[in-house]
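Okay, thanks for coming, everyone. I'd like to walk you through one structure today, so let me put it up on the screen.

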Amino acid sequence: MYAAVGVVGAEEWPDYPVNYATIARSYLLSELPTITKQGYFEYDSPTYFIHHVGPLLFITEHLKDATLRNMAKLTLEWYFSSIVGEWLHGYWVTSQARTYNAQQEPGYTLDESAVLLWMLFGDSRKPIYLGNETNLKFTTIPFAVAGYELPDIFKRIATARSITYTHKERMSRNSNKPYKTSYITPNYAVFSQKDNRLAQNQLHRWGIKWVGDTYSDEPNTFFMKQHFSEPINLNPSNSEYWIGGTNMEEVLQDDGALIAVYNITNSNTWIDGPVSYNGIKATIEQDPFNRNGWVFFHTGKMLMAVRTAQPYVWPY
């Protein structure tokens with residue numbers, strides 16, 4: 001953000017400090033090629049994505065330096081090209097380095113990114129934004145009034161969901177060196193990352209999302225994790241309850257099948273995740289003590305089965 005202001009400011013104001021402009025231009029000439037080769041450290045963050053693409057749009061729209069302007073445009077399109085394959089009717093289905101709310105439901109969201117992507121891709125109901133209106137305006141209005149438009153092929157890719165496919169990518173700049181996988185079907189998606197198993201306090205490694213008929217059906221998500229920090233004093237309805245991932249979790253995914261292994265060596269020996277009672281009601285009624293280890297979810301549009309290798313207790 002500072003670098004974008006630096007290079008544009010230097011062109012617009014003759015008395016702009018030369019050293020600021022020089023540092024900004026040098027940084028961008030180095031940073032933009034690095035992004036397209038290695039990705040972002042804060043990759044696919046529904047919180048910080050908007051702060052990555054906003055400055056790139058600002059340079060694309062306002063900088064006179066043709067070389068740097070074109071580099072910014074190509075970097076902007078590189079990032080969007082990595083997202084279009086992870087979009088499912090309003091849901092961004094991918095692992096993330098930094099998220100404050102692992103459930104991320106567009107029906108009730110604090111993330112401006114959900115609104116921006118809906119604005120650019122469409123094909124879903126308008127998100128219900130519950131955050132700060134001022135933040136929403138300064139992060140989405142620039143795209144609404146910009147002369148720049150995403151290539152039409154991006155929109156077509158983001159909304160073509162008649163067949164099932166697997167999307168893979170790397171974001172090697174992050175110290176976890178994630179290999180990311182999103183298995184996308186017309187109605188649901190399974191996503192995860194294979195990484196260096198480093199603990200990160202806003203990491204979200206894996207999950208399953210499905211498209212509900214209405215936003216009142218949400219949360220339309222399932223995942224499990226060993227908490228990064230002791231959440232005992234938080235209510236599960238608090239988004240911070242689900243923050244972070246530890247180094248005691250490892251995930252392997254093959255298309256729509258996913259295995260998560262937990263080798264817990266600290267005192268926080270429990271794993272949990274958001275579970276819809278209605279989705280597992282039949283399992284609870286038929287096998288209340290879970291003697292067979294299976295839990296079957298029926299979400300309306302999706303059937304899902306979870307099997308644990310060790311005994312567990314549902315807090316119902």
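This is a predicted model: local features need pLDDT of at least 70, side-chain atom pairs count only at pLDDT 80 or more; totals for chains, interfaces and linings use all residues.

As for handedness, helix 2 and helix 4 make a left-handed crossing.

Who's doing the touching? From helix 2 you've got R25, L28, L29, L32, P33, I35 and T36, and on the helix 4 side there's L68, M71, A72, T75 and W78. Sort the residues of that contact by class and you get nine nonpolar, two polar and one charged.

Right, next pair. How far apart are the axes of helix 3 and helix 6? They're 10 Å apart, and the two helices, residues 49–62 and 133–145, pack at an angle of about 40 degrees. That makes helix 3 oblique to helix 6. The crossing of helix 3 with helix 6 is left-handed. If you want to click on the residues, look for I50, H51, V53, G54 and L57 in helix 3, which meet T139, P142 and F143 in helix 6. By class, this contact of helix 3 with helix 6 splits into five nonpolar, three polar and no charged residues.

Helix 5 is residues 112–121, and its axis comes within 9 Å of the helix 6 axis, with a crossing of roughly 20 degrees. Helix 5 and helix 6 are therefore roughly parallel to each other. Is their crossing left-handed or right-handed? Right-handed for helix 5 and helix 6. Helix 5 brings E112, V115, L116 and M119 to the contact, and helix 6 brings N135, L136, T139, T140, F143 and A144. The class count for helix 5 with helix 6 is six nonpolar, three polar and one charged. Now look at T139 and F143: both are on the helix 6 side of the contact with helix 5, and both also meet helix 3.

Okay, on to single residues. E249 sits in strand 8, which covers residues 249–254. Is E249 buried or exposed? Buried, because its relative accessibility is 4% and the cut-off for buried is under 20%.

Another buried one is S182, at a relative accessible area of 1%. You'll find S182 in strand 4. The side chain of S182 reaches a backbone oxygen, the one on V93, at 2.8 Å. Leaving out residues up to four places away in sequence, S182 touches E86, V93, T94, Y165, T166, H167, V190 and F191.

H89 isn't a glycine, yet its phi is positive, about 50 degrees. H89 lies in the loop between strand 1 (87–88) and strand 2 (91–92). With a relative accessibility of 24%, H89 counts as partly exposed.

The other one is K177, where phi is near 50 degrees, again a positive value in a residue other than glycine. Where is K177 found? In the loop between strand 3 (165–170) and strand 4 (179–184). K177 is partly exposed as well, at 35% relative accessibility.

Last stop is I153, in helix 7, residues 152–159. At 38% relative accessibility, I153 counts as partly exposed.

Technical notes:
Residues are numbered from 1 along each chain as its sequence is written. Side-chain values use heavy atoms; hydrogens and water are left out. Helices (H or I, at least four residues) and strands (E, at least two) are DSSP runs, numbered from the N terminus. Buried means under 20% relative accessible area, exposed over 50%, partly exposed in between (1.4 Å probe, protein chains only). Axes are lines fitted to C-alpha atoms, for helices over the stretch in contact, and angles run from 0 to 180 degrees between N-to-C directions. Angles under 35 degrees count as roughly parallel, over 145 as roughly antiparallel, 65 to 115 as roughly perpendicular and the rest as oblique. A crossing is left-handed if the near helix is turned anticlockwise from the far one by less than a right angle, and right-handed if clockwise. Contact means heavy atoms within 4.5 Å. Ala, Val, Leu, Ile, Met, Phe, Trp, Tyr, Cys and Pro count as nonpolar, Asp, Glu, Lys and Arg as charged, and the others, Gly among them, as polar. A polar contact is a pair of N or O atoms within 3.5 Å; within protein, one must be able to donate a hydrogen and the other to accept it, and residues adjacent in sequence count only if both atoms are side-chain atoms.
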